[in-house]
Amino acid sequence: MASPAVIDVNGLAALIAALQQEGYRVIGPIQRDGAIIYDEISQLNDLPFGWGDEQEAGMYRVRRREDNAVFGYAVGPHSWKRFLHPSPVVLWRARRRGNEWMIEEPVEDSPRLAFLGVRSCDLHAIGVLDRVLHHGSYIDPIYAERRESAFVIVVQCAHFTPRTCFCASMGTGPKATQGFDLALTELVEPDAHRFVVEVGSARGAAILQQIPHRPAEPTDVTAAEHAIAQTAASMGRQLQTAGLPAALLANLEHPHWDKIAQRCLACGNCTMVCPTCFCFSVEDRHDLTGTVTERVRRLDVCFTTSFTYTAGKPLRQSIRSRYRQWLTHKLATWVEQFGTFGCVGCGRCITWCPVGIDLTIEAAAITGREQTTEGVV
Amino acid sequence: MPRRRRRPKLAVWKFASCDGCQLTLLDCEDELLLMSELFEIAYFLEASSAVVRGPYDLSLVEGSITTAEEVERIHAIRRQSRILVAMGACATAGGIQALRNFVDVEDMKRVVYASPEYVRTLEHSLPASAYVPVDYELPGCPPNKVQVLEFLTAFLQGRRPSIPTHSVCLDCKRQGIVCVMVAEGIPCLGPVTRTGCGALCPRYRRGCYGCFGPMESPNTESLSAWFLIRSGLAPQQLVPLYRSFNAAAPAFVEASQRYADPKSVQKAAESLGTHAFDQREPANGEA
Ligand code: SF4
Ligand code: SF4
Ligand code: SF4
Ligand code: SF4
Ligand code: SF4
């Protein structure tokens with residue numbers, strides 16, 4: 001691949017414009033409603049210049065930064081799952097004509113999306129979703145279409161202190177090394193606000209050619225490496241992954257599950273914000289006259305009772321059993337099923353749990369392993 | 001569609017209530033005409049003074065049962081109805097007027113009315129299900145039009161209505177709303193409240209106040225403990241939080257009574273284990 005380049009803030013504006021020119025809808029970070037979320041970007045100024053965040057278990061606040069960094073924040077409540085695995089979607093529609101049903105497949109306006117600001121953990125999360133929805137024996141056409149056309153611009157994690165995330169433990173970051181079209185590392189030096197650009201694909205190289213850039217100097221590359229290394233050295237949480245699946249599955253009756261169940265609300269926020277949780281339910285809807293019926297798919301989570309409704313009643317009646325399903329799926333049975341963890345260490349489930357339940361602490365307590373995060377918290 | 005031999009007879013009844021649920025029905029503007037073709041609207045005084053005698057195929061009941069006359073009337077309606085549906089927070093949980101269930105009704109009468117001797121009322125405001133078997137409950141103050149239509153559609157098709165019982169949070173997140181509790185420290189009852197409103201309040205940056213009543217497995221003890229220890233609410237603030245439109249729903253009764261005692265804060269912290277609540281100052285001092 002091409003050697004690294006450098007663009008400035010104008011180059012970033014040109015990048016957005018070039019992608020739009022190519023017919024992409026650019027999705028990126030926006031500061032809105034007290035958080036950094038992902039939505040469509042129309043221009044450079046939509047990006048969260050000078051905004052950062054503070055996160056703890058059950059707590060998130062946007063904060064003004066002292067500098068003007070564009071990407072100086074840790075991941076927020078949204079993930080790319082929102083765009084790759086959308087919800088709700090109408091799978092098909094049927095119309096009654098006399099005694100016959102006519103099945104219509106809705107014409108999907110499957111948009112070409114460019115993701116600006118994909119963190120390394122989230123790039124790995126997309127990889128996890130790929131295994132589940134794209135590369136296995138059951139291919140989800142909605143995911144596949146969006147995924148194949150998506151243009152991925154990574155932004156390496158730098159200039160913030162991770163608090164609830166633990167990608168280093170999961171081997172998913174903080175530096176993304178492959179699987180992107182372009183990867184930016186922001187450098188916010190005064191008078192030299194710039195981005196070191198790595199090229200990861202031919203179409204990445206083609207877009208770079210359309211925007212003003214210069215070749216990266218060794219000093220640029222070193223500065224970028226240094227910024228990412230600082231992030232790696234300041235991880236907020238840790239999780240011991242060696243032997244974790246077996247250790248969790250050996251402790252299915254551990255009394256600590258009851259303690260978690262006392263606190264867990266079974267609200268489903270953790271699963272909804274998780275970038276890899278893919279579960280959905282499917283439901284038929286009719287109009288009042290019963291002449292049009294639609295099959296609708298929407299995201300669902302293993303914390304609802306209806307999720308395990310089988311043969312007349314829900315299997316997982318207690319909150320204990322539902323939390324246990326979530327944790328053991330993420331950190332144990334996912335490995336058997338798909339060959340990776342179902343967790344990339346993004347920390348969202350910790351931050352966005354309304355009562356601050358922290359899976360790194362809970363997994364350590366259940367497996368009786370050393371809990372290494374206490375000092376950090 | 002195959003013609004039915006007879007349109008089902010629909011009746012809409014009012015008990016102690018504000019009429020908001022009936023307005024939700026009338027608010028189905030696009031569907032009203034069709035509804036009047038698909039149902040024989042036999043009794044719906046808010047819409048029409050024409051009355052057809054029972055029996056009825058489907059009775060929608062709005063309001064709570066608060067007087068001896070209403071007790072008789074709900075029994076009479078039950079006898080005449082094949083399917084009886086309690087609609088709204090009053091009919092399903094006793095409504096805001098169930099606040100009197102927590103005090104002496106005679107005291108309440110004296111405070112509210114100039115001539116309390118004319119008021120004949122029962123001690124408690126209760127849901128329809130306290131007196132008669134109820135086939136289905138549509139929660140909410142007022143219920144959501146989409147859910148009401150889903151129920152009526154399912155009734156016409158002869159299938160089970162799809163009216164979920166999980167938390168508001170799930171629908172909050174499905175819409176990509178930023179959690180007001182986590183991001184702004186606003187106490188929100190969404191995690192213990194049943195979905196159905198489309199997460200209306202968080203969508204407008206407010207906390208849910210529970211107008212759809214308790215969700216399927218409401219863990220009010222944990223949420224309350226978080227409010228006390230992390231959101232900085234006082235126990236006496238938790239009491240009115242749970243005592244609004246669904247004050248008499250059993251899970252909310254339990255929740256409001258739990259913190260009537262100020263010592264409960266300490267107990268909450270102990271019972272839930274302290275590591276959940278690290279005692280650091282909330283980041284911006286306001287949470
Ligand atoms: S389980 Fe939690 S930390 Fe892991 S990927 Fe999901 S949201 Fe992120
Ligand atoms: S943890 Fe639950 S919601 Fe997530 S993928 Fe597994 S079963 Fe589905
Ligand atoms: S762990 Fe937290 S976010 Fe997940 S269901 Fe329980 S209370 Fe909700
Ligand atoms: S705002 Fe309220 S309803 Fe929405 S996710 Fe947060 S706690 Fe749940
Ligand atoms: S968010 Fe809560 S209070 Fe607001 S409308 Fe919905 S259920 Fe009612």
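The shell around ligand 2 divides into 7 nonpolar residues, 3 polar residues and no charged ones; here Ala, Val, Leu, Ile, Met, Phe, Trp, Tyr, Cys and Pro count as nonpolar, Asp, Glu, Lys and Arg as charged, and the others, Gly among them, as polar. This is a predicted model, in which local features need pLDDT of at least 70 and side-chain atom pairs count only at pLDDT 80 or more, while totals for chains, interfaces and linings use all residues. Residues are numbered from 1 along each chain as its sequence is written, chains are lettered from A and ligands numbered from 1 in the order in which they are written, and side-chain values use heavy atoms, with hydrogens and water left out.

Which residues surround ligand 2? They are Thr271(A), Cys277(A), Phe278(A), Cys279(A), Val301(A), Cys302(A), Gln325(A), Trp326(A), His329(A) and Trp334(A), where a residue qualifies if one of its heavy atoms lies within 4 Å of the molecule. Helix H11 of chain A, residues 319-338, gives the most to this shell, with 4 residues. Helices (H or I, at least four residues) and strands (E, at least two) are DSSP runs, numbered from the N terminus.

I turn to Phe280(A), which is found in strand S13 of chain A, residues 280-286. Phe280(A) is partly exposed because its relative accessible area is 36%; buried means under 20%, exposed over 50%, and partly exposed in between, with a 1.4 Å probe and protein chains only. Leaving aside neighbours within four places in sequence, Phe280(A) is in contact (heavy atoms within 4.5 Å) with His85(A), Arg297(A), Arg298(A), Leu299(A) and Asp300(A). Lys313(A) lies 33 residues from Phe280(A) along the chain, and their C-alpha atoms are separated by 19 Å.

Elsewhere in chain A, helix H3 (residues 120-133) is mostly covered, with 11 of its 14 residues buried. Among them are Cys121(A), Leu123(A), Ile126(A) and Leu129(A), but also Asp122(A) and Asp130(A).

Finally, chain B. Chain B has 13 helices and 5 strands, and 54% of its 287 residues count as buried. Among its contacts between residues at least 6 apart in sequence, 71% join residues at least 24 apart. An automatic or database domain assignment divides chain B into domain 1 (9-157) and domain 2 (169-276). The centres of these two domains, taken over C-alpha atoms, are separated by 27 Å. Their contact takes 16 residues from domain 1 of chain B and 16 residues from domain 2 of chain B.
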